[in-house]
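Dear colleague,

Please read the notes with the coordinates open beside you.

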Amino acid sequence: MLVDFYKRKPSDKIWWTKDIDIKGRMYFSFDKKTLFNVFSDYPEKLIPEQKEISDKENPYCAILRGNIEKHTKENTH
C-alpha cells in the first residue's frame, strides 16, 4: 500500500492519508507509522490522548461514531 501523508491544517497533530491503492477508505496517523481507519479503529484502538486529539481536530469523527454527547458538551460551553 502506497501512502501519501498530509495535514488539513499546519497546526494539526494528525496526519491524513491519500491511499493510492484503495479508494474510499479514510486513514489517519499520529506518527506516520501506525495507520488508523476512521470507521473501524476509532475510538476503540486509540489511547485516550489520541482520542482527545482526534475529537478536537476532527469532531465529525466523534459524531459519525456516536460520541455526540461529548462533542456537544465541549462545544456548548
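**Strand β1 and the overall fold**

V3 is found in strand β1, where helices (H or I, at least four residues) and strands (E, at least two) are DSSP runs numbered from the N terminus. Please bear in mind that this is a predicted model, in which local features need pLDDT of at least 70 and side-chain atom pairs count only at pLDDT 80 or more, while totals for chains, interfaces and linings use all residues. Residues are numbered from 1 along each chain as its sequence is written, and side-chain values use heavy atoms, with hydrogens and water left out.

With a relative accessibility of 29%, V3 counts as partly exposed, the scale being buried under 20% relative accessible area, exposed over 50% and partly exposed in between, with a 1.4 Å probe and protein chains only. If residues up to four places away in sequence are not counted, V3 touches T17, K18 and L35, contact meaning heavy atoms within 4.5 Å. For T17, which is 14 residues from V3 along the chain, the C-alpha atoms of the two are separated by 6.1 Å.

The protein has three helices and four strands, and along the sequence they follow the pattern β-β-β-β-α-α-α. Of its 77 residues, 34% count as buried. Among contacts between residues at least 6 apart in sequence, 22% join residues at least 24 apart. The protein exposes about 5,400 Å², of which carbon and sulfur atoms supply 55%; accessible areas come from the Shrake-Rupley method with a 1.4 Å probe, and for residues only the protein chains shown count as cover.

**The loops on either side of β4**

D41 sits in the loop between β4 (36-37) and α1 (48-57), and D41 counts as buried because its relative accessible area is 10%. A polar atom of the D41 side chain lies 2.7 Å from the backbone nitrogen of N37. Leaving aside neighbours within four places in sequence, D41 is in contact with L35, F36 and L46.

P43 also has its place in the loop between β4 and α1, and the peptide bond leading from Y42 to P43 is cis, with omega near -5°. In the loop between β3 (27-29) and β4, K32 has a positive phi of about 65° although it is not a glycine. As background to both points, most residues other than glycine have a negative phi, and most peptide bonds are trans. K32 counts as partly exposed, at 41% relative accessibility.

**The largest pocket**

Which residues line the largest pocket? They are K9, S11, D12, K13, E52, I53, K56 and E57, and they divide into one nonpolar, one polar and six charged. In this grouping Ala, Val, Leu, Ile, Met, Phe, Trp, Tyr, Cys and Pro count as nonpolar, Asp, Glu, Lys and Arg as charged, and the others, Gly among them, as polar. About 160 Å³ of space lies in the largest pocket. On a 1 Å grid over the protein atoms alone, a pocket is an open set of points where a 1.4 Å probe fits, with protein on both sides within 12 Å along at least five of seven lines, and lining residues have an atom within 4 Å of a point.

K9 and E57 are 48 residues apart in sequence, and 9.2 Å apart in space from C-alpha to C-alpha.

With best regards

Conventions: Grid points are joined across faces, edges and corners, and a volume is the space filled by probe spheres set on the points. A polar contact is a pair of N or O atoms within 3.5 Å; within protein, one must be able to donate a hydrogen and the other to accept it, and residues adjacent in sequence count only if both atoms are side-chain atoms.
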